[in-house]
Amino acid sequence: MPKKFIRRFLPDHQTVKQNKALRIFGSVLHEPNLWHLNRRSASGAFGIGLFFAFWPVPFQMWLSAGMAIPFRANLPLSVATVWVTNPFTMPPIFYGAYKVGTTVLGTKPEHFEFQFSWQWVVESLTTIGPAFLVGCAICSVIFGIAGYVSLNWIWRFQVRKAWEKRRQARNKNAKSA
């Protein structure tokens with residue numbers, strides 16, 4: 001079952017409620033639906049997390065948590081899914097988003113060398129920025145929807161498989177009795 005698999009990786013809800021960064025949400029975090037793990041909440045959380053994973057901002061987890069609350073998606077899963085883009089995966093993912101943006105805008109990809117400085121970021125906004133931001137927006141929507149649909153489908157498939165297994169076991173026990 002996806003529920004058992006996902007639950008192994010999620011932190012305890014009490015630990016998340018006590019996180020200093022999430023205290024800005026106040027008593028809203030005490031809503032029980034944010035902590036339940038079912039097909040609807042898990043699919044929504046996965047879609048929301050992937051949607052914000054492609055946003056090139058340093059506060060993706062807060063955005064994901066903020067969106068999980070009104071959509072009643074599983075909060076820990078939503079926040080954890082954002083970490084698809086981590087320091088190791090971010091360069092290839094964002095380069096792929098840049099390539100998507102250049103393809104959609106019909107511009108020629110420019111050669112650039114990444115530097116950790118605000119000056120480089122400001123200068124890059126005029127050269128590679130538009131293609132990068134368009135690519136991030138497109139990838140954000142596509143992967144968010146794909147994540148929602150795929151986890152929803154996997155969950156339904158696993159439930160059908162479990163029901164079929166139970167039905168076969170019942171039939172087997174009925175025939176042997």
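Author: At 33% relative accessibility, arginine 72 counts as partly exposed. Buried means under 20% relative accessible area, exposed over 50%, and partly exposed in between, with a 1.4 Å probe and protein chains only. Please note that this is a predicted model, in which local features need pLDDT of at least 70 and side-chain atom pairs count only at pLDDT 80 or more, while totals for chains, interfaces and linings use all residues. Residues are numbered from 1 along each chain as its sequence is written, and side-chain values use heavy atoms, with hydrogens and water left out.

Reader: Where is arginine 72 placed, then?

Author: Arginine 72 lies in the loop between α4 and α5 (75-81). Helices (H or I, at least four residues) and strands (E, at least two) are DSSP runs, numbered from the N terminus.

Reader: And what is phi of arginine 72?

Author: Phi is near 55° at arginine 72, a positive value in a residue other than glycine. Most residues other than glycine have a negative phi.

Reader: How many helices and strands are in the protein chain?

Author: The protein chain has eight helices and zero strands. Its pattern along the sequence reads α-α-α-α-α-α-α-α. Of the 177 residues, 34% are buried.

Reader: At what angle do α3 and α4 pack?

Author: Helix α3 (residues 39-53) and helix α4 (residues 60-71) pack at about 145°, their axes being 9 Å apart. Axes are lines fitted to C-alpha atoms, for helices over the stretch in contact, and angles run from 0 to 180 degrees between N-to-C directions.

Reader: Which residues make the contact?

Author: Residues Arg40, Ile48, Gly49, Phe52 and Ala53 of α3 meet Gln60, Leu63, Ser64, Met67, Ala68 and Phe71 of α4. Contact means heavy atoms within 4.5 Å. The residues of this contact of α3 with α4 comprise seven nonpolar, three polar and one charged. Here Ala, Val, Leu, Ile, Met, Phe, Trp, Tyr, Cys and Pro count as nonpolar, Asp, Glu, Lys and Arg as charged, and the others, Gly among them, as polar.

Reader: Is serine 64 buried or exposed?

Author: Serine 64, in helix α4, is buried at 0% relative accessibility. Leaving aside neighbours within four places in sequence, serine 64 is in contact with Ile48, Gly49, Phe52, Ser78, Val79 and Val82. Serine 78 is 14 residues from serine 64 in sequence, and their C-alpha atoms are 6.1 Å apart.

Reader: New topic: how many salt bridges does a search of the whole structure find?

Author: The search finds one. It joins glutamate 164 and arginine 167, with the closest N and O atoms 2.4 Å apart. A salt bridge is a side-chain nitrogen of Lys or Arg within 4 Å of a carboxyl oxygen of Asp or Glu.

Reader: How many residues apart are glutamate 164 and arginine 167 in helix α8?

Author: They are three residues apart in helix α8 (residues 129-176), so about one helical turn separates them. Glutamate 164 is partly exposed at 31% relative accessible area, and arginine 167 is partly exposed at 38%.

Reader: Lastly, where is proline 32?

Author: Proline 32 is in the loop between α2 and α3, and is partly exposed at 46% relative accessibility. Its C-alpha atom is 9.7 Å from that of asparagine 74, 42 residues apart along the chain.
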